[in-house]
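Dear colleague,

Please find the structure below, handed over for your review.

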Amino acid sequence: MTKALTIACIALGCLLRLSLAHSPLLRGYDGTYRYEPVARNLLAGNGFSRSVSPPYVADDFEVPGYPSFLAAIYWVFGESDSAVALTQLAVEGLALFFF
């Protein structure tokens, strides 16, 4: 019974995420001011910085994981909210499958 419930919850979560994948993402402070500017600067060759214009001051506050992940998605798919949501869903699914 618990295995079936777990699978049902995972499936429901995936369906919910898929239904929201093509709607604009709700962003708080973290997405708008912490991660996305760093991802855009990494793509533009301006280094690991939250600065939106020169001089691009190196940022040592953030860890590189998520901004680099976003930069990779933006590089492959362009700056697409849907691509970010679907890629995150795929990574979450892989994590559930393998762990």
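Helices (H or I, at least four residues) and strands (E, at least two) are taken as DSSP runs and numbered from the N terminus. On that basis, the protein chain has four helices and zero strands, and its elements run α-α-α-α from the N terminus on.

This is a predicted model, in which local features need pLDDT of at least 70 and side-chain atom pairs count only at pLDDT 80 or more, while totals for chains, interfaces and linings use all residues. Residues are numbered from 1 along each chain as its sequence is written, and side-chain values use heavy atoms, with hydrogens and water left out.

Burial and contacts in the chain

A residue is called buried under 20% relative accessible area, exposed over 50% and partly exposed in between (1.4 Å probe, protein chains only). Of the 99 residues in the protein chain, 25% are buried. Contact means heavy atoms within 4.5 Å. Among contacts between residues at least 6 apart in sequence, 45% join residues at least 24 apart.

The nonpolar core

A nonpolar core is a set of buried Ala, Val, Leu, Ile, Met, Phe, Trp, Tyr and Cys residues joined through side-chain atoms within 4.5 Å. The largest one consists of eight residues, namely Y35, A39, L70, A71, I73, Y74, A83 and V84. Two or more residues of this core come from each of α2 (29–44), α3 (65–77) and α4 (81–98). The most is given by α3, with four residues.

Helix packing

Two packed helices are described by the angle between their axes and the distance between the axes. Axes are lines fitted to C-alpha atoms, for helices over the stretch in contact, and angles run from 0 to 180 degrees between N-to-C directions. Angles under 35 degrees count as roughly parallel, over 145 as roughly antiparallel, 65 to 115 as roughly perpendicular and the rest as oblique. A crossing is left-handed if the near helix is turned anticlockwise from the far one by less than a right angle, and right-handed if clockwise. For residue classes, Ala, Val, Leu, Ile, Met, Phe, Trp, Tyr, Cys and Pro count as nonpolar, Asp, Glu, Lys and Arg as charged, and the others, Gly among them, as polar.

The axes of α1 (residues 2–20) and α4 come within 10 Å and cross at roughly 170°, which makes α1 roughly antiparallel to α4. This crossing is left-handed. On the α1 side the contact is made by I10, C14, R17 and L18, and on the α4 side by A85, L86, Q88, L89, E92 and L96. By class, these residues are seven nonpolar, one polar and two charged.

The axes of α3 and α4 are 10 Å apart, at an angle of about 120°, so α3 is oblique to α4. Here the crossing is right-handed. Residues Y66, F69, L70, I73, Y74 and F77 of α3 meet A83, V84, T87, Q88 and V91 of α4. This contact has nine nonpolar, two polar and no charged residues.

Two individual residues

N41 is placed in helix α2 and counts as buried, at 6% relative accessibility. Leaving aside neighbours within four places in sequence, N41 is in contact with N46, G47, S49, R50, S51 and Y56.

A72 lies in helix α3 and is partly exposed, with a relative accessible area of 40%. The C-alpha atoms of A72 and L42 are separated by 9.4 Å, the two residues being 30 apart along the chain.

Yours sincerely
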